[in-house]
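Welcome! Take a look at the sequence and the fold below, and then we can walk through them together.

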Amino acid sequence: MSDETPDSLIPYDTIVQEALRAVVGRVLGEIEAGGSELPGAHHFYITFKTHAAGVSVPDSLRERFPDEMTIVLQNKFWDLNVREDGFSVGLSFNQIPAALDIPYSAITQFVDPAVDFGLQFQATVADMAPAPTDPAGNDEEQADGAPVEGAEDGSNVVTVDFGRKK
């Protein structure tokens, strides 16, 4: 009997990643259905790959954040439109309005610091691994909630990390 794990013919890692990214869509869909009003102290940090397929952001933001950026949905956002494959939203950066369109497949982290909940996704290819990034600094961002970094503090963070066989 071999100690090696056989290659799966079922793409479990892809299935789980898609299911957990659907959580982001469901949460945003509920916010949209509720008139785009965030209940209580809830607010979201959403980190995504700026050059992933289907991402649409202004060139100035893509130049400033060539790999990854984090947006905050909290006080000042508009035109939230949630679809099966992603969402679009209007945000202001240094008093300049911008429309962003983000597929769920580009998201690497979703955090609601108000309740210490977070989902972190590992990129599926090596060159898309998350790089350190500063928050995008969209207007009306509050400094009271930093993204959840890990689960050592007892927070509700789910990290999806599927190791590849060498």
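## The nonpolar core

The largest nonpolar core has 32 residues, and Phe48, Ile71, Phe87 and Leu100 touch the most other members. Such a core is a set of buried Ala, Val, Leu, Ile, Met, Phe, Trp, Tyr and Cys residues joined through side-chain atoms within 4.5 Å, where buried means under 20% relative accessible area with a 1.4 Å probe, protein chains only. Elements giving two or more residues to this core include H1, strand E1 (44-49), strand E2 (68-73) and strand E6 (107-112). Helices (H or I, at least four residues) and strands (E, at least two) are DSSP runs, numbered from the N terminus.

Isoleucine 71 has contacts (heavy atoms within 4.5 Å) beyond four places in sequence, among them Phe48, Phe87 and Leu100.

## The sheet

Three strands make an open, antiparallel sheet in the order E3-E4-E5; strands pair if DSSP finds at least two bridges between them. Strand E3 (78-82) and strand E5 (96-103) each have a single partner strand, so one side of each lacks a neighbour in the sheet.

Eight bridges join strand E4 (residues 86-93) to E5. Leucine 91 has alanine 98 as its bridge partner in E5, while valine 89 has leucine 100. Two residues lie between the strands in this hairpin, where asparagine 94 takes a positive phi near 55°.

## About the model

This is a predicted model: local features need pLDDT of at least 70, side-chain atom pairs count only at pLDDT 80 or more, and totals for chains, interfaces and linings use all residues. Residues are numbered from 1 along each chain as its sequence is written, and side-chain values use heavy atoms, leaving out hydrogens and water.

Technical notes: Buried < 20%, exposed > 50% of the residue type's maximum accessible area, 1.4 Å probe, protein only.
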